[in-house]
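Colleague: I have a few "how do you know" questions for you. Can we take them one by one?

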Amino acid sequence: MKRIFINDNYLRKDDIDFEVVRVKALLVNSKGELLLAHNNNTYQLIGGHVEEDEGLEDTLLREIKEETGIGILSIDGPFIQITTYDNNYFSTGKKVCSKIYYYRIVTDEMPNILETHYDELESETDFNLFYVKMADLKKFLHKCIDDGSIDPSIGREMLLVEREYKEVYGGN
């Protein structure tokens, strides 16, 4: 597993107020399409926060089911982990260490909105799912960064993940 460390503000470990751990899935079908979410005015991968006493894979299975209605039976990975030291976490003024573990999951199961369970923010901000071809993901992300339809830090991380994905798995 590749590990990437981002610390644009040159924070030290003892500067950090708290740590956040998340998991994200690259849900790819046999046609080479990636399932993305659009929520809270930005694009993102499926996934979310690890809850207390919850393992990474259990969190990923739960988040996939909650956000897509897709039931996954097995997980391979993670293939990349990105740690970011953030000086102003979501404009709270808090200094946070954010660790995100990224997994590849191949499934042809389609999202089932009737099986989803969105959290409050997802429900209030028009959570939507759609597919983009993996071969077009880099171009899509650059367009979204340029037009402001993706949070720049999320776009940056997704480009790093896209590059590592292609190194590990090729184009699909």
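Modeller: Start with helix H3. Its face turned away from the buried side carries the exposed residues Lys139 and Asp146. Exposed means over 50% relative accessible area, buried under 20%, and partly exposed in between (1.4 Å probe, protein chains only). Helices (H or I, at least four residues) and strands (E, at least two) are DSSP runs, numbered from the N terminus. This is a predicted model: local features need pLDDT of at least 70, side-chain atom pairs count only at pLDDT 80 or more, and totals for chains, interfaces and linings use all residues. Residues are numbered from 1 along each chain as its sequence is written, and side-chain values use heavy atoms, leaving out hydrogens and water.

Colleague: Which residues of H3 are buried?

Modeller: In H3 (residues 137–147), they are Leu137, Phe140, Leu141 and Cys144.

Colleague: How do you know that the buried residues of H3 line one face?

Modeller: Look down the axis of H3. The buried residues fall within an arc of 95 degrees, so they line one face of the helix. The arc is that of the directions from the helix axis to the C-beta atoms. These residues pack against strand S3 (33–39), S4, S8 and H4. Contact here means heavy atoms within 4.5 Å.

Colleague: Why is Cys144 called buried?

Modeller: Its relative accessible area is 0%. That falls under the cut-off, so Cys144 is buried. Cys97, at 6%, is buried too.

Colleague: What makes Tyr43 and Phe130 an edge-to-face pair?

Modeller: Rings of Phe, Tyr and Trp (its six-membered ring) pair if their centres lie within 6.5 Å; planes under 30 degrees apart count as stacked, over 60 as edge-to-face and the rest as tilted. The structure holds ten aromatic pairs. In this one, the centres are 5.4 Å apart and the planes stand at 75 degrees. Tyr43 is buried at 16%, while Phe130 is partly exposed at 23%.

Colleague: Why is the pair of Tyr165 and Tyr169 called tilted?

Modeller: The ring centres are 5.0 Å apart and the planes lie at 45 degrees, so the pair is tilted. Tyr165 and Tyr169 sit four residues apart in helix H4 (residues 152–169), about one helical turn.

Colleague: What makes Glu164 and Lys2 a salt bridge?

Modeller: A salt bridge is a side-chain nitrogen of Lys or Arg within 4 Å of a carboxyl oxygen of Asp or Glu. The closest N and O atoms of Glu164 and Lys2 are 3.8 Å apart. That is within the limit, so the pair counts. Side chains of opposite charge can pair when their charged atoms come close.

Colleague: Which parts of the chain does the Glu164 and Lys2 pair tie together?

Modeller: Glu164 lies in helix H4 and Lys2 in strand S1 (residues 2–6), so the pair ties together parts that are 162 residues apart in sequence. Glu164 is buried at 13%, whereas Lys2 is partly exposed at 40%.

Colleague: How many salt bridges are there in the whole structure?

Modeller: There are 13. Glu51, Glu54, Arg62, Glu63 and Glu66 are linked in a network of them.
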